[in-house]
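Keep the structure open as you read.

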Amino acid sequence: MEQIRIQYFSCSPYHVGEEKFASKTQELKTMVYKLLKDLQNEINVNFVFEEKLAYGLKGENSSPFQLVKAALNNDIVIVDGSLEEDEFKKLNLDFGANYECITPAVMSLDNVLILSRTQIPLNFTPLRSNVKRMGKYEDEVNEDNKGKKGYQLEYSNKQIVLWLKKELIAMNNSDRLVRDIKLQLNIENYKEEIDELIRKQKEIFEENTKFIESTRKKEGIVKCFISYRGCYYNRKKYDGKYDIPKVVEEIKAFHNGNADITVLPEGCLSNELMPEVRRWAFVSYIDRLITECDEFWIFETKHKEGESQEFGYWDSWWCMGEILTILRNKNEVLSGKLKVMKFDPDAKDGENISQVDISTWHSITSEENKELARYYANSDFLEAGYESVAQMRAMRRWPRFLRNMKFKLMMKYIGSTYSNSFEDADFENEYKFDDFESSVFSHVYDKSFMENRILTCGSCTSLGATEENVRKKNFIWKFLNINDEYTERVDGLSTPEGTIILTPKMFEYIVKDEKKRFNNFIKAGGAIKCSKGHLSLLYRTTDKFYIWWTPRNGKRTGPNNVIIETIPVYSSLNV
């Protein structure tokens, strides 16, 4: 009988059997321990259960080092990643202390299993977790959550243990419990050069990631992403007939039931009142979801006035952010790797579905592509280096010749460090000093990009846009110009209609009354008028989501020294 070590990381300092008080954290640990005892005979392995603290960043026994060491040593690592205020208070710990053990490496290791009763941070995407990535339709309509969606989804300890049992059995059946010796790396006593250690780690991460990707891509299953106006999720039916549940039904029927649907719940990501940097973080997040799919489906609703107003697909900035992904991957679409499909609710029954020919859609220019790359790179939840923003901003004050020296040193470092990565690309000739200059002075490093919120007045915006807009040469610049940064820089652009830029002081003044509750959904709020006198209510909802800040050099890096940042969700309503 094979012996497998299970290293269980949680915030509970008590061992199994030493419970001092009622705690969901301790209860889950005990339930997992009992599961392993029962399961080992069923799958013919001997589990050795070891308990570890998930917090602690200092010294040789720091929790992140202990976790990575165990995972690379082919142990099975289980982490309780639940984020519940009450549980941390009971244990006298900072909120999110259990994420001190997490490093970016965890997202590339398939022997690390993340358990959670709550949603996990949006920028933390482990290979194995009972919490599905946002937008997994079957998870969103799970009856156990009684109508909850998005950030509100929760999981009981019983549900988690049932998931864990299935996962461990599946891992055993695919030889991922008793792991190949080639996947083992003793980082504590490694005797080779550091370059060889990095190479070996990368090899293991790539193997783990590819394995999980192969299991997610089921034979004959088509992965479909649905792009749509949020109100049609399940709150409103287009012309009284079509909403997302009905569209999902139609797409599955089109594929004879062999469709895996990704559709983001209403209001989870496309909230109008987030700082500009976070808008683009979500555009980037959605971009990842789309590029993992085989088909991109447009639910093409049309703008209609009348007693029952309908909302046009092509009028939405957020929907156009999803179209942006298609333009950025136009070659893949034209080669057939990614299909663009349309569900037209105004067509006759049986004629609603068609494939979209995007050959006449706008082709992104080199200048547009470079500017878009700056937006994505400097806002992406997983890759943005927010700590570099101040440095780039400071370089604006340097003389040009000093920036040129900095550029040459940077290119020399890239050439020597990553030379093998650029064997097939003339990187030095492609990236010039002028490109570096454009980056330094790009809007993405402005303080306003990081702090200001953009509100669009629905009463001022022109409505009734069509697919024809995506064929126009200024489509990209017009999309970017929601911040009015390009009006003077790009020919043919005008100040965006109905846009209100809210500085932090303005925004805090409007929604300052945190004690007043309007109802169970709206927590606090106030109103603002646009230049034409239209009134918008700005309010804080009871929703929230989490961002994980990676510890560096044994220190936390988040705002106010947090490791998990709680982001309140704000919204707007025309009144």
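Helix α9 (residues 317-328) lies across β6 (222-227), β8 and β9, and runs at about 150° to β8. Helices (H or I, at least four residues) and strands (E, at least two) are DSSP runs, numbered from the N terminus. This is a predicted model, in which local features need pLDDT of at least 70 and side-chain atom pairs count only at pLDDT 80 or more, whereas totals for chains, interfaces and linings use all residues. Residues are numbered from 1 along each chain as its sequence is written, and side-chain values use heavy atoms, leaving out hydrogens and water.

The sheet itself is open and has 5 strands, in the order β7-β6-β8-β9-β10, with mixed pairing. β7 (259-262) and β10 (353-355) each have a single partner strand, so one side of each edge strand is left without a neighbour in the sheet. From one strand to the next, the twist averages 30°. Strands count as paired if DSSP finds at least two bridges between them. β8 (residues 295-299) and β9 (residues 339-343) pair in the parallel sense over 5 bridges, and W297 has M341 in β9 as its bridge partner.

Now for the charges. A salt bridge here is a side-chain nitrogen of Lys or Arg within 4 Å of a carboxyl oxygen of Asp or Glu, and the count by this rule comes to 40. Three of them are listed here.

| Salt bridge | Closest N and O atoms |
|---|---|
| R176 and E207 | 3.0 Å |
| R403 and E437 | 2.5 Å |

R328 brings us back to helix α9, and D287 lies in helix α8 (residues 276-291), so this pair ties together parts 41 residues apart in sequence. For accessibility, buried means under 20% relative accessible area, exposed over 50%, and partly exposed in between (1.4 Å probe, protein chains only). R328 is partly exposed at 34%, whereas D287 is buried at 11%.

R403 in helix α13 (residues 400-417) and E437 in helix α15 (residues 433-440) link distant parts of the chain, 34 residues apart. R403 is buried at 6%, and E437 is buried at 11%. Elsewhere, salt bridges that share partners join D239, E300, K302, K304, K342, D344, D346, E467, E468 and R471 into one network.

Note on methods: Axes are lines fitted to C-alpha atoms, for helices over the stretch in contact, and angles run from 0 to 180 degrees between N-to-C directions. Contact means heavy atoms within 4.5 Å.
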